[in-house]
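Hi,

Here is the structure I promised to pass on to you. Please have a look at it first, and then read on for what turned up.

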Amino acid sequence: DENYDLAIIEPLNKTYYKYIRAVELGNEKKIKIGNKVMAIGNPNLIDFIFTFGNIAQISNYSSPRFIFTSPMINPGNSGGPLLNERGECIGIAKGMYSNLGLSYSTFIRIEDIKDFLKKYVKTP
């Protein structure tokens with residue numbers, strides 16, 4: 001989806017499913033500035049980098065809407081989850097931006113991700 005810059009992938013080899021675990025999706029109403037969060041990624045082919053920090057800002061005016069965080073992400077983190085303290089996914093890494101000496105990481109908010117999934121995932 002061009003608006004979200006997200007895709008749904010399915011392994012061609014079904015044996016990979018034994019390595020995949022579902023993550024619970026968080027509740028948008030519980031996301032607040034200052035909440036502790038953790039980003040998981042794979043920058044530069046380094047397995048499972050965890051960064052910890054806080055939610056710095058929440059955007060309501062873009063589409064998709066974003067969460068801005070203090071855990072810095074790097075190239076290769078895009079598409080990785082942003083987790084709350086309960087281990088629930090509350091966002092998906094979009095990118096890191098720097099402007100006038102300020103750097104911030106952006107994550108697509110969970111409600112927009114849920115809308116994306118409703119649009120593209122067919123369930124029986």
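Tyr104 has a relative accessibility of 31%, so it counts as partly exposed (buried is under 20% relative accessible area, exposed over 50% and partly exposed in between, with a 1.4 Å probe and protein chains only). This is a predicted model, where local features need pLDDT of at least 70, side-chain atom pairs count only at pLDDT 80 or more, and totals for chains, interfaces and linings use all residues. Residues are numbered from 1 along each chain as its sequence is written, and side-chain values use heavy atoms, leaving out hydrogens and water.

Now the rings. Rings of Phe, Tyr and Trp (its six-membered ring) pair if their centres lie within 6.5 Å; planes under 30 degrees apart are stacked, over 60 edge-to-face and the rest tilted. That rule gives 3 aromatic pairs. One of them is Phe68 with Tyr104, edge-to-face at 5.3 Å centre to centre and 75° between the planes. Phe68 sits in strand E3 (residues 66-69) and Tyr104 in strand E6 (residues 102-109), so their pair ties together parts 36 residues apart in sequence. Helices (H or I, at least four residues) and strands (E, at least two) are DSSP runs, numbered from the N terminus. Phe68 is buried, at 18% relative accessible area. Ring pairs also join Phe66, Phe68 and Tyr104 into a cluster.

Phe116 and Tyr120 make a tilted pair, with 4.9 Å centre to centre and 45° between the planes. Both belong to helix H1 (residues 110-120), and being 4 residues apart they are separated by about one helical turn. Phe116 is buried at 4% relative accessibility, while Tyr120 is partly exposed at 38%.

Best wishes
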